[in-house]
Amino acid sequence: MSGPFLELIDIGKTYPGVVALDHVSLSIAPGEVVALLGENGAGKSTLMRVLGGVVAPSSGTIRIDGADRTSYTVTDAIAAGIAFVHQELNLFDNLDVAGNVFIGREPVFGGPLRLIDRATLRAKVQPLIARLAADFAPDTPLAELSLAQRQLVEIIKALSLNARCVIMDEPTSSLTLSETARLMQVIAGLKADGVSVIFITHRLNEVVQCADRAVVLRDGRTVGTLTRGELNPAAMIRLMIGRDLRSRYVPPAAPPGDTVLDVVDAVTSTYPRRAVSLQLRRGEILGLAGLVGSGRTELARAIFGVEPLLAGGISLDGEPVRISTPRAAIDRGIYLIPEDRKGCGLLLDFPIAENISLPDLASYASLGLVDRSRETDNADRQRERLKIRAPDVKMQVGTLSGGNQQKVVLAKWLSMRPKVLIFDEPTRGIDVGAKQEIYDTLRRLADAGVAILMISSDMEEVIGVSDRIAVMHEGRISGFLERGAFSEHNVLQLAVGHTI
Amino acid sequence: MQKKDLSLLVLILVVGAVVAFINPRFLLVGNLSNTANQVGMFGIFSIAEAFVIIVGGIELAVGSVIALLGVLFIDLIVNRDVDWILAFALIILGGVAIGTVHGTLVTKMKIQPFVVTLCGLLIYRGAARYYTEDATAGFGYGASFPMLEWLTAGRTNVLGFPLPHSVVALVIVAGIAWLVLHRSVYGRYFYAVGKNEEAARYSGIRSDRVTISAYVICGGLTALSAVLIAMYTRSISPAVHGSFYELYAIAAAVLGGCSLRGGEGSIIGVVLGTILLQVLQNLVNLLGIPSSLNFAVMGTVILIGVLADQYLVQRRKRAPSARGQAAAEPAPATLERASAE
């Protein structure tokens, strides 16, 4: 193994109000397999976007083959042999494998007609397919391929560009065990050919299995590097955690009451062979932690009736209920504040007042006509109560900041009678001040008897706000934690599927 | 009245003034009354179309439905001696049924509205021609329905102006439609579903039901205009009767501020859009423009109108963005750590 050909030196990246990367350095030698580890939000993807030329760093140096690059774009990255295999694959469903691999670089004939030379195209792709021992042909339509096969198509595309370094962002997160094993073989093959691989993963066993080196990021900083001999899950978890979590926990006014929501063996579409059971009690905030993609959002959507429950059941106050539409959930006092605020939570073009009244509009109406002064009065009251910073409730919601938009979604449900409130990523994209106000509101609601299920990928939030934590891992609950057992270590341990 | 509606009104007055200046016959009571009659008939099915467009759909079968239901109506009262009140009710029911089918295909079978209603356009036209064996349907000698004729095609003298009853019908329909769309709970749902169906669903709105009801309202109102138009023309050649009417309807709706993306538009705008289209039609006749250019004139004016509107929207967008920033709190950190990840 020769020296590094690719060096990121002291890379910094700041966004308004957030330091995403803080003096991170990373170097890669030909044929080296590097695992990039860290919690949600540690800065792994940002670092890879810098390497791919998608994001320009705020400071630091990118050095390739010993030469410093002052300007570095996606085109430069591709020319330097750096290829991205994206988490959400960038492929065309309506083309075949060869068409995808050579998209935008098709061999042509026929002069000005620029007809695609399909024979050459296939001839070029065939050896690459053979190199990975993939089980599809150049003319297989992409639509017929599984996710794992599509990933191979992306890798083939990278190889066709003479990639020297392939970046994979959570390549195994949606693969089955045997598919994962195949991918590990492919990675070993690339390594043997002198191609480097950087992969982001949460599956520590894979790291042990195939990485030469693991680099751990936390809060935008490199906190450690483990080499081949030091690679074991315990050491990796130790490095990933250890952040100082300021304790701002406000205990509930009274111990939690009876079980309000009882989810028994719920199965959702993402993990059709896994079932989830959990109980939510009156007056408690139950944090639902886990890695992105562990099935938390799907569970919330199933409880709220957005997507069907494939199996299992839900009871409310001891009564089994069937919830097949959001309307049915709302009528029973189960409200969801979705993760996708702009797409599902709000009508951005509608005024604040009309967003707040929407789920309960009938109660603002007499003879079917909306009493607009009552609607405005209520919106004004909610604006006061939740400190929504807007001069007028007739303003369009889309013009507000993220924090204030989130308060409008909250106001919608607080105008009604919440029994169960499911809050999916309550403070994503929200500034610090508004965050605290939302936490205060959650505690107030819980103390008033609402049962709250808070899905969060923010460790600080999960530990600082919840009364109890349930951790999900790949479609099932991997463990519950009581307040005394709260620690970053324990949550992470469960989130990656280990037991405590 | 919204700003958009106001500028449309100004445009109508300007076009009207120009036509009147060049050819004063425009202002003759007879001409105005006839134009008003056209507005009455076209306005009703344009409002019908607007309901569907507001929920984010499109209805292309309007003209064919007008032909089919018109033929059926005349057949029922002339050849089958059905009492006209019963016949009228049956025709409205027929329109409602067609709307229900369209709405159900769009929501439950998830077929694109354009495709569903394009098939409707073809099917109903064919059905109308087959039913009459392609012959013109009309009233025979001596067939007379004084009450029905007075109600639908009659005119009442109001302060010396013979006001067509189709206009009265339009005013009633528009009034109710305005109340429903702009003031009622259900109207709010129409706009919410048209704007963002997903968000509407998350707020507990049964979006399928809302969408279907838009097609049902559209079908019912189209049936009403079918009767008015049949009684006005008094004879229907099923191959051409009502053809292109869906395009008049869509044009009026677009002029009236409806976005084909859904969630926008006002009833006043749609009525004004209908008026503008009919004034333009009148302009072609009165200014000696070859009637073959009829559609070309309309198309040009709509295009200019939409371009001007786009220009104004762009300008307005630039202006209040500065204001909005001043009003919002100081530069919130909207970048989420999770998305940076």
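The model is a predicted one.

One open sheet of chain A is built from 6 strands in the order β6-β9-β10-β3-β11-β12. Its pairing is mixed. β6 (82–85) and β12 (221–227) of chain A are the edge strands, and each pairs on one side only. From one strand to the next, the twist averages 20 degrees. Phe84(A) has Ile167(A) as its bridge partner in β9(A).

Two helices accompany this sheet. Helix α5 (residues 147–160) of chain A lies across β6 and β9 of chain A. It runs at about 170 degrees to β6(A). Helix α6 (residues 177–192) of chain A also packs on the sheet. Its contacts are with β3 (33–37), β9 and β10 (196–200) of chain A. The direction of α6(A) makes about 145 degrees with that of β10(A).

A further open sheet of chain A has 6 strands in the order β18-β21-β22-β15-β23-β24. Here, too, the pairing is mixed. The edges are β18 (334–337) and β24 (476–482) of chain A, each pairing on one side only. The twist averages 20 degrees from one strand to the next. Strand β23 (residues 468–473) of chain A and β24(A) run antiparallel and are joined by 6 bridges. Within this pair, Arg468(A) stands opposite Glu482(A) of β24(A).

Helix α15 (residues 432–447) of chain A packs on this sheet. It touches β15 (285–290), β21 (420–424) and β22 (451–455) of chain A. Its direction makes about 150 degrees with that of β22(A). α17(A) packs on the sheet as well, touching β15, β23 and β24 of chain A. The angle between the directions of α17(A) and β23(A) is about 30 degrees.

Ala495(A) belongs to helix α17 (residues 488–495) of chain A. This residue counts as buried because it has 25 C-beta neighbours inside 10 Å, and the cut-off is 20 or more. Beyond neighbours within four places in sequence, Ala495(A) contacts Ala289(A), Gly290(A), Leu291(A), Val471(A) and His473(A). Ala79(A) is 416 residues from Ala495(A) in sequence, and the C-alpha to C-alpha distance is 38 Å.

Strand β13 (residues 259–267) of chain A has two antiparallel pairings described here. With strand β14 (residues 276–281) of chain A, β13(A) forms 5 bridges. Thr259(A) is bridged to Arg281(A) of β14(A). Another 5 bridges join β13(A) to strand β16 (residues 311–316) of chain A. In that pairing, Val263(A) has Ile314(A) of β16(A) as its partner.

In chain B, the axes of helix α2 (residues 29–54) and helix α7 (residues 165–183) come within 8 Å. They cross at roughly 30 degrees. α2(B) is therefore roughly parallel to α7(B), as angles under 35 degrees count as such. The crossing of α2(B) and α7(B) is left-handed. On α2(B), the contact is made by Ala36(B), Asn37(B), Val39(B), Gly40(B), Met41(B), Gly43(B), Ile44(B) and Ile47(B). α7(B) contributes Ser166(B), Val167(B), Ala169(B), Leu170(B), Val173(B), Ala174(B) and Ala177(B). The residues of this contact comprise 11 nonpolar and 4 polar, with no charged ones.

Terms used: Residues numbered from 1 in each chain as written. Chains lettered and ligands numbered in written order. Predicted model: local features only at pLDDT ≥ 70, side-chain atom pairs only at ≥ 80, totals over all residues. Axes fitted to C-alpha atoms, helices over the stretch in contact; angles between N-to-C directions. Helix = DSSP H or I, 4+ residues; strand = E, 2+ residues; numbered from the N terminus. Parallel < 35°, antiparallel > 145°, perpendicular 65-115°, else oblique. Left-handed = near helix turned anticlockwise from the far one by under 90°. Contact = placed C-beta atoms within 7 Å. Nonpolar A, V, L, I, M, F, W, Y, C, P; charged D, E, K, R; others polar. Pairing = 2+ DSSP bridges. Buried ≥ 20, exposed ≤ 12 C-beta atoms within 10 Å, placed from the backbone.
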